[in-house]
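Subject: Structure for your review

Dear colleague,

Please find below the structure I am passing on to you. I would be grateful if you could read the notes that follow with the model open beside them.

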Amino acid sequence: MSNEDITLTAGDAEVDVLPGNGGRVGGLRVGGTELLRQGERFGCFPMVPSCGRIRDGRFLDGARVRQMPLNAPPNAIHGTARDGAWNVARVTDDEAVITYDLVEPWPYAARVTHVIALTPDSLSLTMSVETYGDSFPAQIGWHPWFNRNLGGEGAQDARLDFTPAWQEERGDDHLPTGNRIEPKPGPWDDCFGMPGGVDVTLTWPGQLELKVASREEWVVVYDEQEAAVCVEPQTGPPNGLNTLPRLVTPLEPLEATTVWSWRRL
């Protein structure tokens with residue numbers, strides 16, 4: 001199938017899926033109100049096969065050092081799949097399945113599958129990485145840019161509510177130092193640990209409440225930009241290919257899910 005843009009509908013919810021632009025979710029509208037920041041780089045893009053920054057763009061594959069392009073010098077950032085065109089495997093009114101075959105600069109052959117499923121009050125995103133050849137370390141995550149303000153008369157900025165068990169201490173290079181500290185007040189560009197699973201609530205007072213949930217234990221929160229707030233569930237912390245690698249093998253793919261659920265206020 002082609003990689004033309006897709007719009008899913010369920011009740012009064014609509015989701016735009018953009019296979020040709022990195023497989024991202026380009027928009028999420030509830031009752032006609034757009035929740036995601038618009039623009040070619042925004043929406044919600046998949047972070048795969050790595051999440052956040054990789055220190056110096058290097059990671060270990062056994063004893064071998066792999067070098068990735070420094071697309072956020074002096075580091076690599078956010079994986080490679082967001083830079084490619086994905087293929088459409090299946091589409092119904094409320095679900096899309098898209099795939100991406102990992103290519104250079106990623107050094108291993110593998111396939112990523114992303115299932116985007118919409119209901120009238122939730123969006124489920126499930127991503128998996130499968131290999132039929134070499135095993136390798138990988139990560140999965142999502143990078144949504146939620147609009148800080150939804151507009152309308154008297155609209156207030158979103159409030160963020162979550163209770164992490166710890167915060168990954170961030171060095172001057174924006175990478176975790178390896179120390180876990182007590183969570184500090186924002187603004188943040190930080191990774192947090194939630195051992196019971198990611199559970200973060202965004203509330204636009206008087207308008208909408210949206211919960212970002214995942215069985216995974218790590219979430220990066222970025223709210224230093226005026227226009228948007230990012231809540232990023234992922235399978236490990238930034239630089240995790242080096243510090244907490246999850247192995248993809250021919251017998252064991254890596255899979256993760258995040259669910260966004262909402263209700264009107």
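How many disulfides does a search of the whole structure find? The search finds 0. Please bear in mind that this is a predicted model.

Cys44 takes part in no disulfide, and the nearest cysteine sulfur, that of Cys230, is 9.3 Å away. Cys230 is likewise in no disulfide, its nearest cysteine sulfur being that of Cys44.

The next topic is the largest pocket. Rolling a probe the size of a water molecule over the atoms shows where empty space is left. The largest pocket holds about 460 Å³ of space. Its lining is made up of 28 residues, and those nearest the centre are Arg53, Ile77, His78, His143 and Glu232. Strand 15 (141-147), strand 17 (166-170), strand 19 (189-193), strand 22 (218-222) and strand 23 (228-234) are the elements that each give two or more residues to this lining. By residue class, the lining has 12 charged, 9 nonpolar and 7 polar residues.

I turn now to the backbone. Most residues other than glycine have a negative phi, and most peptide bonds are trans. Another joins Glu104 and Pro105, with omega about 15°, and Pro105 belongs to the loop between strand 11 (95-102) and strand 12 (110-119).

Positive phi values deserve a look as well. Asp56 is not a glycine, yet its phi is positive, at about 60°. This residue is placed in the loop between strand 6 (53-54) and strand 7 (58-61), and Asp56 counts as partly exposed at 34% relative accessibility. His174, also not a glycine, has a positive phi of about 70°. His174 is found in the loop between strand 17 and strand 18 (176-181), and at 27% relative accessibility His174 counts as partly exposed.

With kind regards,
A colleague

Note on methods
Residues numbered from 1 in each chain as written. Predicted model: local features only at pLDDT ≥ 70, side-chain atom pairs only at ≥ 80, totals over all residues. Heavy atoms only, no water. 1 Å grid on protein atoms, 1.4 Å probe; cavity = no way out; pocket = protein on both sides within 12 Å on 5 of 7 lines; lining within 4 Å. Points joined across faces, edges and corners; volume = space filled by probe spheres on them. Helix = DSSP H or I, 4+ residues; strand = E, 2+ residues; numbered from the N terminus. Nonpolar A, V, L, I, M, F, W, Y, C, P; charged D, E, K, R; others polar. Buried < 20%, exposed > 50% of the residue type's maximum accessible area, 1.4 Å probe, protein only. Disulfide = S-S within 2.5 Å.
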